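Dear colleague,

I am handing over the structure shown here, and below it you will find what was found in it.

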Number of protein chains: 2
Amino acid sequence: MSEAVTDSNPGLTEMESRTISYFCDGVKVLGLPRSVGEIYGLLFVSREPLSMADLVEKLGISKGSASQGLRLLRALGALNEVKGIDERRTYFKANMSLKRLVGGFIRGQIRPHLRSGEEKLDQLHMIVEEVEDEESRKFYQERLDKLERWSKRGQMVLPLLQRFLGE
Amino acid sequence: MSEAVTDSNPGLTEMESRTISYFCDGVKVLGLPRSVGEIYGLLFVSREPLSMADLVEKLGISKGSASQGLRLLRALGALNEVKGIDERRTYFKANMSLKRLVGGFIRGQIRPHLRSGEEKLDQLHMIVEEVEDEESRKFYQERLDKLERWSKRGQMVLPLLQRFLGE
DNA sequence: GGTCGAGTTCAAATTTTATTGAACTTTGCT
DNA sequence: AGCAAAGTTCAATAAAATTTGAACTCGACC
């Protein structure tokens, strides 16, 4: 019977818009765009699988956003595609396996950054070696070692996280 | 002897600007503003503690940015303040304890979101109870239970993370 | 009490990021 | 093959986040 959680919404029930809002907050923390939270959120509260056209209509977002949002969610393994209900379109359900979601996020969003970080550390190593002043070089060496230990820990913690969150 | 890693920089050595660049990437992943990475990065490669005025000059950022960046870093426990070198100003060093950094980040950036998420779940509970249709209510109940399990896991994993990353 | 330098605040400007929408490509049907 | 709906792409636009800078507060010193 009530409307408008934060902003005006289209024809969503309060259950739907509040759930969507929950996921919007969630994905923002993870650094993903709002529309991704809206899409996953709506799929999460929907009993029936939805098509891209359904998402565009119910969420009031553009076809472009829906397409890109679905691509990202697919890449993270956050969707189940359902075939056969209708010939032409693809229907989507929210993948409910936390293990899968966490794994996909780590693979798609975290790992690439850690990799490029490692590359930067390699570059830094080369730079340190060129430093003339002995005292400075020693200092930089130490700091760089520390960074490498941090990076290593980061890499090691991911599978742990994955295992702990997986069900 | 070389200059400009990504963009033009002021009077920083290559070691400094590359380290700063490393931390800029790092903090971006964590959802913090670039200037915070610049500040922490410069402190991290500096042997001597630096004042806010030093940061403004070496990084070429505004006093406002420096002030806000330092505030955030202080709130995360990422700084050690050094007194007594000079009367007037405060000098800063990078806190090098990963345990402290991770703890501060969790306390300052993660926990608050989890808390507000929990509140939203409570609201959702109330909404679910009002749903008329029995089948729908059951379905929503289930989903909400799942969200709550996820949230709980999230809360449980933090101390684990902290313990594992702490040294 | 007046002045000076350090540090803070916040509205405005800038930069970055996300969204839109129209043109395009792909797919599947007849 | 020809058509129509589904889905993608990306330059332009809108929205959000960050940075700036000028005005302010605070405290120490004379």
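Which rotation, and how much shift along its axis, superposes chain A on chain B? A rotation of 180 degrees with 0.0 Å of shift does so, at an RMSD of 0.1 Å, where copies are superposed by least squares on the C-alpha atoms of residues with pLDDT of at least 70 in both; that is the relation of a two-fold axis. Gly31(A) is the residue of chain A that comes closest to the rotation axis, at 3.3 Å for its C-alpha.

Please keep in mind that this is a predicted model, in which local features need pLDDT of at least 70 and side-chain atom pairs count only at pLDDT 80 or more, whereas totals for chains, interfaces and linings use all residues. Residues are numbered from 1 along each chain as its sequence is written, while chains are lettered from A and ligands numbered from 1 in the order in which they are written.

The contact between the chains (C-beta atoms, placed from the backbone, within 7 Å) takes 34 residues from chain A and 33 residues from chain B. Helix 6 of chain A gives the most to the side of chain A that touches chain B, with 11 residues (helices being DSSP runs of H or I, at least four residues, numbered from the N terminus).

As for DNA strand D, 21 residues surround it, each with its C-beta atom, placed from the backbone, within 6 Å of the strand; the closest are Gly64(A), Pro33(B), Ser35(B), Gly64(B) and Ser65(B). Helix 4 of chain A gives the most to this surface, with 6 residues.

Best regards

Key
Two residues are in contact if their C-beta atoms, placed from the backbone, lie within 7 Å. Helices (H or I, at least four residues) and strands (E, at least two) are DSSP runs, numbered from the N terminus.
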